[in-house]
Amino acid sequence: MSIASGKVYHFEMPPMKGVHLMNNFERYNSKGELEIVLDLPTVTDVIADDMNKNCMFDVLKISYMNNPEKMYKDISWDTTIRRFVFNLDTGRHSIFDFPQLWKPVDALVEFPYINPDYLGKEYCFAYFQQWQF
């Protein structure tokens, strides 16, 4: 929603599952169109995650916490860092996957952090925590 005008923008997107925002900012593309850019760690394949495996958030269930045989097992931790670009002038969006440069690639990569001086601005570097269970 535009703070200045109150106009609401709607975008139809495939299902995604993510928790902790990395950064977002406004920019003008090469055609002079206003875009909102949002970077977010997401589950790599949300459909497979929901249909074939336990959800990563199942680890928060009391039954998992009380059972050492279940804790952190059979959970999908595969993470992809995705950039969502919302074009406010055309109403279109794009989704780009950053390369998975961490090893092993099926590790959970979460809790993104960037230099606070670049919050809300374009940036080059991000830091993450990584788990392999």
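I started my look at this predicted model with Asp 39, which I found in strand S2, residues 34–43. Is Asp 39 buried or exposed? I looked it up: Asp 39 is buried, at a relative accessible area of 0%. The cut-off for buried is under 20%, so Asp 39 qualifies.

Next I checked what Asp 39 touches. Its side chain has a polar contact with the side chain of Arg 83, at 2.7 Å. Skipping the neighbours within four places in sequence, I listed the contacts of Asp 39 as Leu 21, Met 22, Asn 23, Arg 82, Arg 83, Phe 98 and Tyr 123.

Then I turned to Met 16, in the segment before strand S1 (23–28). Met 16 comes out as partly exposed, because its relative accessible area is 33% and that class runs between 20% and 50%. I also looked at Met 16 and Pro 41: they sit 25 residues apart along the chain, with 9.9 Å between their C-alpha atoms.

On to the surface. Which residues form a nonpolar patch there? I noted Leu 60, Ile 62 and Met 65, which together have about 320 Å² of accessible area. Ile 62 belongs to helix H2, residues 62–65. With 56% relative accessibility, Ile 62 counts as exposed, since the cut-off is over 50%.

Last, I looked at confidence. The protein chain has an average pLDDT of 83, and 81% of the residues score at least 70. Confidence is highest in S1, at 95, and lowest in helix H1 (residues 46–52), where the mean is 61.

Key:
Residues numbered from 1 in each chain as written. Predicted model: local features only at pLDDT ≥ 70, side-chain atom pairs only at ≥ 80, totals over all residues. Heavy atoms only, no water. Patch = residues over 30% accessible without salt bridge, like charges linked within 9 Å, V, L, I, M, F, W, Y side chains within 5 Å. Areas by Shrake-Rupley, 256 points an atom, 1.4 Å probe, with all protein chains shown as cover. Salt bridge = Lys/Arg side-chain N within 4 Å of Asp/Glu carboxyl O. Helix = DSSP H or I, 4+ residues; strand = E, 2+ residues; numbered from the N terminus. Buried < 20%, exposed > 50% of the residue type's maximum accessible area, 1.4 Å probe, protein only. pLDDT = per-residue confidence, 0-100. Polar contact = N/O pair within 3.5 Å; in protein donor to acceptor, adjacent residues only side chain to side chain. Contact = heavy atoms within 4.5 Å.
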